[in-house]
Amino acid sequence: MHVLEETDLKIESGRSSFPGRVRQLLLKHGELIAALTGGFLTLLGYVLGQLTGLSYWYIYLLAYVIGGYYQIKAGILDTMKNRQLNVELLMGIAAVGAAGIDHWLEGAVLIFIFALSGALETYSMAKSSSAISSLMDLQPETARLVIDNQERPVSVGQLNPGDTIRIRPGERIPADGTIIKGETTVDESSMTGESIPVLKKVKDAVLAGTVNMDGNLLVRVAKRNEDSLFSKIVDLVQRAQSEKAPSQLFIERFETTYVKVVIGITLLMLFLPHFVFGWSWSDTIYRAMVMLVVASPCALVASTMPAVLSAVANGARKGILIKGGVHLEQLAAVKALAFDKTGTLTKGRPEVTHMLNVSGSDDAAFTAAVAAIENNASHPLGKALVAYTQTAARTLPEAEHVKVKPGFGVTGEVAGRTYAIGKADMLDPAAVQAFIGTHKSELPEGRTLVYVESEGRVIGAFALKDQVRESSVEAVKILHRFGIQTIMLTGDNEKTAEAIQKETGVSSFIANCLPENKVSEIKKLSEKYGPVGMVGDGINDTPALAQASVGIAMGGGNDAALETADIILMKNDLQRIADSVRLSKRMNRIIKTNIVFALSMIGLLMCANLLQFISMPLGVVGHEGSTILVILNGLRMLRG
């Protein structure tokens, strides 16, 4: 509907610029303009009345119609749709009741302040939502498709995996892909929240929606538009904006019952005080109208949504994608966080930390032979060995007769000499034991060992370790300060897990934990601690992410993990988890404060009205003023 209105607006502005600008102004600010106009008319009626001593009820009537148009219309439409009374209708009934007993000024003031608070709430929703929904404007609509060295513009939706596109300096990248020519720095702040541009070279991945700053690139498209990370983020944003937090759902259910109770109390007050306390009919009806005003749950209704949307928007700016306020609210209740080790607490890429060479050859020749053979394998450990040995050997010799033994290692021949490189299980047990017995003090503990065997004896070994992320240690410390237990889930043995625990500072670990066992471990942790969160990045983490009270995925993780998780850390920085927890706890504090304040104000104003201490204008100011205060308090979440 809004899209059609905006399209019509553009057409209209093309025909006549002035009517177009007026219509645009009304579409964007109409609710506030109506409220302020109603306020001006109310003030005009009051001033004229004071000057002349006459009643300008028709000016107040105009203030009713113009000032209350948006709110009363919304109330009527909502009542017709849901067949239930709502706050807007309560205010309308109260204003009409005030006019019925000739208190036009009080009714007009009520309409003005109620309309003004409604306009402010609309602005708060728009402001907090726009911080995330503005992502939709970041992706270009067209791309430069390169075919036979010829460029032609095409819609982004027409791009297919394998297509080649050109991206010039200063342009936004239209699709996920890999650089095949060129070098540049890329501004990824829209995706990761990190303001420092990242250097990108050939074979590096680039993401749709990020900015190519200074290089002329040729990029091979990796995914269709609807499968890109950017498109998934937009989809998640739309879902996040429509999903309601538990506190919001409770208040909406409570509101329906509460409105009926208020109507019932008001009906009783129209008669009982006259017969029980001897009030005049004028005072009785007046107090009933005041009760209708002060007992309405406007502040209560506005106590959650501005805070929730503001918190979600704040997280998006920091590279924390939250799929809905419900997940952020649940995160505040989490007592323990379980971490997958590889790719989460660690970088997910093993690196060589120690080398032991007893081959009789110099280190350069030894490492060159190992690298030549491992260069023909694709296992991560093999890649780590190649990366390490290439720093010591400039050129690699030719390897022959290379055979990979999946899960164990690789064999091959270099310069006529045969080598076997891999786990101890693949090699001659006696040779491994002899090597370990002789060099045990030189082999570090808590490392993955890869042995090198040749001519019947082990001639060397490499110790590898998946390096801990720099952000892990600080993130764990902050989580502990929040009183959250941290548990590492790893398939490694006890010694390796213990070494990682000492390095990261996690509270405890569960070693030898196979992927299929992670779900059962999450269930056990839930029984022990209560609500438990799970942090992971791989497809094998998805069942555990789904089982946990809150699933958190690393942004560089597998697509399945990103789909399953409730919160995504766009930059692979575990300190964002601490930011998320801090955000959730602050949001919950603000919501609770708002609810307590709103209920206290309603109770105070109702008692004051029964004791005849307040007039209609004071009741209006107290009631609607409290509504404005809780909205502004919720908007504080935009600042973190």
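Figure 1. Tyr69 counts as partly exposed, because its relative accessibility is 42%. The model shown in this and the following views is predicted. Tyr70 also has a value between the limits of 20% and 50%, so at 34% relative accessibility Tyr70 counts as partly exposed. The rings of Tyr69 and Tyr70 form an aromatic pair with 5.2 Å from centre to centre. Their planes make an angle of 85°, and the pair is edge-to-face.

Figure 2. The centres of the Tyr56 and Tyr58 rings are 5.9 Å apart, with 70° between the planes. This aromatic pair is edge-to-face. Is Tyr56 buried or exposed? Tyr56 has a relative accessibility of 13% and therefore counts as buried. Tyr58 has a relative accessible area of 46%, so Tyr58 is partly exposed. A search of the whole structure finds 10 aromatic pairs.

**Figure 3. The aromatic cluster that includes Tyr56 and Tyr58.** Tyr56 and Tyr58 belong to one aromatic cluster. Trp57, Tyr64 and Trp104 are also members of this cluster.

**Figure 4. The packing of helices H19 and H24.** Two packed helices are described by the angle between their axes and the distance between the axes. Helix H19 covers residues 470-481, and helix H24 covers residues 575-610. Their axes are 7 Å apart and meet at an angle of about 25°. Angles under 35 degrees count as roughly parallel, and H19 and H24 are therefore roughly parallel to each other.

**Figure 5. The residues between H19 and H24.** Which residues of H19 meet H24? On the H19 side they are Ser471, Glu474, Ala475, Ile478 and Leu479. On the H24 side, the residues in contact are Gln575, Ile577, Ala578, Val581 and Arg582. The residues of this contact divide into six nonpolar, two polar and two charged.

Figure 6. Gln501 is found in helix H20, which covers residues 494-504. Why does Gln501 count as buried? Its relative accessibility is 19%, and buried means under 20%, so Gln501 counts as buried. The side chain of Gln501 reaches the backbone oxygen of Ser507 at 3.1 Å. Leaving out residues up to four places away in sequence, Gln501 touches Met488, Val506, Ser507, Ser508 and Phe509.

Notes: Residues are numbered from 1 along each chain as its sequence is written. This is a predicted model: local features need pLDDT of at least 70, side-chain atom pairs count only at pLDDT 80 or more; totals for chains, interfaces and linings use all residues. Side-chain values use heavy atoms; hydrogens and water are left out. Axes are lines fitted to C-alpha atoms, for helices over the stretch in contact, and angles run from 0 to 180 degrees between N-to-C directions. Helices (H or I, at least four residues) and strands (E, at least two) are DSSP runs, numbered from the N terminus. Angles under 35 degrees count as roughly parallel, over 145 as roughly antiparallel, 65 to 115 as roughly perpendicular and the rest as oblique. Contact means heavy atoms within 4.5 Å. Ala, Val, Leu, Ile, Met, Phe, Trp, Tyr, Cys and Pro count as nonpolar, Asp, Glu, Lys and Arg as charged, and the others, Gly among them, as polar. Buried means under 20% relative accessible area, exposed over 50%, partly exposed in between (1.4 Å probe, protein chains only). A polar contact is a pair of N or O atoms within 3.5 Å; within protein, one must be able to donate a hydrogen and the other to accept it, and residues adjacent in sequence count only if both atoms are side-chain atoms. Rings of Phe, Tyr and Trp (its six-membered ring) pair if their centres lie within 6.5 Å; planes under 30 degrees apart count as stacked, over 60 as edge-to-face and the rest as tilted.
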